[in-house]
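Here is a note for someone opening this model for the first time. Please read the points in order with the structure in view.

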Amino acid sequence: MAKTSYKNLLFDLGGVILDLKREDCVRAFEALGMTDAANVFGEYSQTGVFLALEEGQIGVDEFHSKLKKDLPCGVTDEQIDEAFGCFLVGIPMARLDALMKLREKYNVYLLSNTNPIHINGRIKQYFGAGGKSMSDYFDGVVLSYEAKAAKPSIKIFEYAMSHLGIIPQETLFLDDSQKNLDAASTCGFGTALVKPGEEFVEVLKRCIAM
């Protein structure tokens, strides 16, 4: 891959910066009594009530209420949030250090399909390691539930351009889903696929001057 001059780096979160473990989330919801948990959670995108939460179509209270219809009586909001949080494993400190280093040369942004339960729970904790916060690592953040759109919808990339004030041709977008990269490419973004088990730093070495 030829190296290109970019001003901006736009990162996906899950599968690129944040490690995920779908099967842990499935098992956690099965333990709560959800009978079709394995069919609910996708590797790269969600469906149903989970997608509605990520797209900001419903809030947390409505999410809890709707989900309880598929769960045994007595399951609490806290139990739901804990099970949902099992999707997220953690962020290695080496990746956080790499993001800080990249900010010395580039504008670094985040574009994530996510929800307020994860953002205000485990994700906040992971970025808070070492006394920092998410704002220390990124020049700007786009979250699907705030943008009212989720990847691979073109709408979230248009929102990112407007909200972050970035020019697609000056921006490299890193994601672990080719479908999301294809959508970004149609908007003019440079793209790079982060494959399972691959570190984004290694991908960037093929694309930019580190």
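1. **Ground rules.** This is a predicted model, in which local features need pLDDT of at least 70 and side-chain atom pairs count only at pLDDT 80 or more, while totals for chains, interfaces and linings use all residues. Residues are numbered from 1 along each chain as its sequence is written, and side-chain values use heavy atoms, with hydrogens and water left out.

2. **Ser144.** Start here. Ser144 touches Glu54, Glu55, Ser112, Asn113, Thr114, Ala149, Ala150 and Ile156, setting aside residues up to four places away in sequence. Contact here means heavy atoms within 4.5 Å. Ser144 belongs to helix 9, residues 144–147. Helices are DSSP runs of H or I with at least four residues, strands are E runs of at least two, and both are numbered from the N terminus. Ser144 counts as buried because its relative accessibility is 0%. Buried means under 20% relative accessible area, exposed over 50%, and partly exposed in between, with a 1.4 Å probe and protein chains only.

3. Two backbone features deserve a look. Most residues other than glycine have a negative phi, and most peptide bonds are trans. Lys148 is not a glycine, yet it has a positive phi of about 60°. Lys148 sits in the loop between helix 9 and helix 10. Lys148 is exposed, with a relative accessible area of 56%. Pro152 also lies in the loop between helix 9 and helix 10. The peptide bond from Lys151 to Pro152 is cis, with omega near 10°.

4. **Helix 1 against helix 5.** How do these two helices cross? The axes of helix 1 (residues 22–32) and helix 5 (residues 77–85) come within 7 Å and cross at roughly 155°. Axes are lines fitted to C-alpha atoms, for helices over the stretch in contact, and angles run from 0 to 180 degrees between N-to-C directions. Helix 1 and helix 5 are therefore roughly antiparallel. Angles under 35 degrees count as roughly parallel, over 145 as roughly antiparallel, 65 to 115 as roughly perpendicular, and the rest as oblique. Helix 1 contributes Cys25, Ala28, Phe29 and Leu32 to the contact, and helix 5 contributes Gln79, Ile80, Ala83 and Phe84. The residues of this contact of helix 1 with helix 5 are seven nonpolar, one polar and no charged. Nonpolar covers Ala, Val, Leu, Ile, Met, Phe, Trp, Tyr, Cys and Pro; charged covers Asp, Glu, Lys and Arg; the others, Gly among them, are polar.

5. **Helix 5 against helix 7.** The axes of helix 5 and helix 7 (residues 116–127) come within 10 Å and cross at roughly 75°. That makes helix 5 roughly perpendicular to helix 7. Asp81, Glu82, Phe84 and Gly85 of helix 5 meet Ile117, His118 and Arg122 of helix 7. By class, the contact of helix 5 with helix 7 has two nonpolar, two polar and three charged residues.

6. **What helix 5 buries.** Its buried residues are Ile80, Ala83, Phe84 and Gly85. Their cover includes helix 1, helix 3 (48–54), helix 4 (60–68), strand 3 (88–90) and helix 7.

7. **Aromatic pairs.** The whole structure holds nine aromatic pairs. Rings of Phe, Tyr and Trp (its six-membered ring) pair if their centres lie within 6.5 Å; planes under 30 degrees apart count as stacked, over 60 as edge-to-face, and the rest as tilted. Phe157 and Phe173 form an edge-to-face pair, 5.5 Å centre to centre with 80° between the planes. Phe157 is in helix 10 (residues 154–164) and Phe173 in strand 6 (residues 171–175), 16 residues apart. Both Phe157 and Phe173 are buried. Phe157 and Phe189 form a tilted pair, 6.0 Å centre to centre with 55° between the planes. Phe189 lies in the loop between helix 11 (178–186) and strand 7 (190–193) and Phe157 in helix 10, so the pair ties together parts 32 residues apart in sequence. Elsewhere, ring pairs link Phe29, Phe50, Phe63 and Phe84 into a cluster.

8. **Cores.** The largest nonpolar core has 57 residues; Phe11, Ile17, Phe29, Phe63, Phe127 and Phe200 have the most contacts inside it. Apart from that core lies another, of 17 residues, among them Ala147, Phe157, Leu181 and Ala184. A nonpolar core is a set of buried Ala, Val, Leu, Ile, Met, Phe, Trp, Tyr and Cys residues joined through side-chain atoms within 4.5 Å.
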